[in-house]
Amino acid sequence: NHSHVTEKFVSKTKHSFQRLVKSQNHYCTTGTECTDIFFLQGSGEEIKKMRNEFEKNKNIKKTVLIPV
């Protein structure tokens with residue numbers, strides 16, 4: 001579920017880890033749910049930190065990050 005609060009959280013987290021983000025795609029999958037796909041480049045440790053930040057938010061149902 002991507003409420004405005006959740007969308008702000010995603011945006012803030014993305015900007016915190018901007019050095020890793022090579023691309024992001026945002027899809028509205030239903031009227032109330034969205035999917036964001038991040039393509040990342042960086043150390044496994046940094047990618048895990050980003051994943052952990054997303055997993056702290058209970059409104060985010062699943063976190064899968066794609067290293068390239």
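**Sheet, pocket and surface patch**

Strands S1 (residues 21-28) and S2 (residues 34-40) run antiparallel and are joined by 7 bridges. Strands here, like helices, are DSSP runs numbered from the N terminus (E, at least two residues, for strands; H or I, at least four, for helices), and two strands count as paired if DSSP finds at least two bridges between them. This is a predicted model, so to speak: local features need pLDDT of at least 70, side-chain atom pairs count only at pLDDT 80 or more, and totals for chains, interfaces and linings use all residues. Numbering starts from 1 along each chain as its sequence is written, and side-chain values use heavy atoms, with hydrogens and water left out.

Getting from S1 to S2 takes a hairpin of 5 residues. Within this pairing, Gln24 sits opposite Phe38 of S2. On the S3 side, S2 and S3 run parallel, with 2 bridges between them, and Phe39 has Ile66 in S3 as its bridge partner. Put together, that makes an open sheet of 3 strands in the order S1-S2-S3, with mixed pairing. S1 and S3 are the edge strands, each pairing on one side only.

Next comes the largest pocket, which holds about 400 Å³ of space. A pocket is an open set of points on a 1 Å grid over the protein atoms alone, where a 1.4 Å probe fits, with protein on both sides within 12 Å along at least five of seven lines; lining residues have an atom within 4 Å of a point. Points are joined across faces, edges and corners, and the volume is the space filled by probe spheres set on them. The lining has 20 residues, with Cys34, Thr35, Asp36, Ile60 and Lys62 nearest the centre. Helix H1 (4-16) and S2 each supply at least two of the lining residues, and S2 gives the most, with 5.

As for salt bridges (a side-chain nitrogen of Lys or Arg within 4 Å of a carboxyl oxygen of Asp or Glu), the whole structure has 6. In one of these, the side chains of Lys61 and Glu33 meet at 2.4 Å, N to O. That pair links distant parts of the chain, 28 residues apart: Lys61 is in the loop between H2 and S3, and Glu33 in the loop between S1 and S2.

Val64, in the loop between helix H2 (44-55) and strand S3 (66-67), belongs to a nonpolar surface patch along with Ile66 and Val68. Together the three expose about 250 Å² of accessible area, computed by the Shrake-Rupley method with a 1.4 Å probe, where for residues only the protein chains shown count as cover. Patch members have over 30% relative accessible area and no salt bridge; nonpolar side chains (Val, Leu, Ile, Met, Phe, Trp, Tyr) are joined within 5 Å, like charges within 9 Å.
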